[in-house]
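Please set out the secondary structure elements of this protein and how they pack. Start with the helices and strands, then look at single residues.

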Amino acid sequence: MRKVERAEIKDLVAYEKAREAMRARVIAIKTHRRVAVGPNLTVLFENRDTVLFQIQEMVRTERIVDDAKIQDEVDVYNALVPDAGELSATVFIEIPELVSMSQDQVRETVNRFQGLDRDRVWLVAGGVRVAARFETGQTKEEKMAAVHYVRFALPPAARAALADPAAEVRLVSEHPWYRAEASLGPETRRALLEDVSD
């Protein structure tokens, strides 16, 4: 999949004019790319459109106008654009009861997910199990991050299963504290097939 280029990033004024239309379009795209794996994990499969939107939002929020700093954002977020034969995703640890919890309780709850980044999240396509490769540096031994960036390198058999309506495709968490799974629906599978076909 082609990476985002600096020339595609609109300046603040041009983006404000285009933002609502772009935002509506990306929300529609994300509808089929967001998968809840039980009540506490959400996986959002990223593509070029979602990354471009994220960069534009960061430039807008941070009011970045310097070309070098905009290029820095492009470089950072381009890491989320999947490479050939890969899927890229953001994994969110979500705590629905967050509003009623203290900061210490939130931290304790998120820290229960320690070790999630060690072969605990899988994409199962047909009979092929593909481990999520977590970006390093997001978690320390004493503190678990609530947002993680992952990649799934799909071998040909997994890509074939993704395209086969008769094959089951699931996301699975096998963490000792959090076991859950979710099947990927046809719209999600179609969107992901576009990613691995680029």
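The report below goes through the model element by element.

## Basis of the model

This is a predicted model, in which local features need pLDDT of at least 70, side-chain atom pairs count only at pLDDT 80 or more, and totals for chains, interfaces and linings use all residues. Residues are numbered from 1 along each chain as its sequence is written, and side-chain values use heavy atoms, with hydrogens and water left out.

Helices (H or I, at least four residues) and strands (E, at least two) are DSSP runs, numbered from the N terminus.

## Helix H1

H1 spans residues 12–31. It has 20 residues and reaches 26 Å from its first C-alpha to its last. That is close to the 28 Å expected at 1.5 Å a residue (the expected span is 1.5 Å times one less than the number of residues). H1 bends by about 55 degrees at Ala18; the bend is the angle between axes fitted to the seven residues ending there and the seven starting there. At the start of H1, a side-chain oxygen of Asp11 reaches to within 3.0 Å of the backbone nitrogen of Val13.

The buried residues of H1 are Leu12, Tyr15, Arg19, Met22, Val26, Ile29 and Lys30. Buried means under 20% relative accessible area, exposed over 50%, and partly exposed in between (1.4 Å probe, protein chains only). An α-helix has 3.6 residues a turn, so residues three or four places apart point the same way. The buried residues of H1 pack against strand E1 (34–37), E2 and H2.

## Helix H2

H2 covers residues 48–62, 15 residues in total. Its C-alpha span is 21 Å, close to the 21 Å expected at 1.5 Å a residue. Asn47 sits at its start: a side-chain oxygen there reaches to within 3.0 Å of the backbone nitrogen of Asp49. Arg63 follows H2 and has a positive phi, near 55 degrees.

Buried in H2 are Arg48, Thr50, Val51, Leu52, Phe53, Ile55, Gln56, Glu57 and Val59. Their cover includes helix H1, strand E2 (41–46) and helix H3 (67–77).

E1 and E2 pair in the antiparallel sense over four bridges. Two strands pair if DSSP finds at least two bridges between them. Val37 stands opposite Leu41 in E2. The two strands form a hairpin with three residues between them, and Gly38 in the turn has a positive phi of about 75 degrees. E2 also runs antiparallel to strand E3 (residues 86–93), joined by six bridges. Here Phe45 stands opposite Ala89 in E3.

How many residues of E2 are buried? Six of the six are, so E2 is largely enclosed by the rest of the structure. In a regular strand the side chains alternate between the two faces of the sheet. Both faces of E2 are covered: Leu41, Val43 and Phe45 are buried on one side, and Thr42, Leu44 and Glu46 on the other.

## Thr42

Thr42 lies in strand E2. Its relative accessibility is 7%, so Thr42 counts as buried. The C-alpha atoms of Thr42 and Val91 are separated by 5.7 Å, although the two residues are 49 apart along the chain.

Thr42 touches Arg34, Val35, Ala36, Thr90, Val91, Phe92 and Glu94, not counting residues up to four places away in sequence. Contact means heavy atoms within 4.5 Å. The side chain of Thr42 also makes a polar contact with the side chain of Glu94 (2.8 Å). A polar contact is a pair of N or O atoms within 3.5 Å; within protein, one must be able to donate a hydrogen and the other to accept it, and residues adjacent in sequence count only if both atoms are side-chain atoms.

## The four-stranded sheet

Four strands form an open sheet in the order E5-E4-E8-E9, with antiparallel pairing. Strand E5 (128–131) and strand E9 (179–183) stand at the edges, each with a single partner strand, so one side of each is left without a neighbour in the sheet. Neighbouring strands are turned by 20 degrees against each other on average, direction ignored. Axes are lines fitted to C-alpha atoms, for helices over the stretch in contact, and angles run from 0 to 180 degrees between N-to-C directions.

Four bridges join strand E4 (residues 121–125) to E5. Val124 stands opposite Arg129 in E5. Helix H5 (residues 156–163) packs on the sheet, touching E4, E5 and strand E8 (169–174). The direction of H5 makes about 110 degrees with that of E5.

## Glu168

Glu168 is in the loop between H5 and E8. At 45% relative accessibility, Glu168 counts as partly exposed. Glu168 and Gly126 are 42 residues apart in sequence and 5.3 Å apart in space, C-alpha to C-alpha. Beyond four places in sequence, Glu168 touches Val124, Ala125, Gly126, Ser183 and Arg189.
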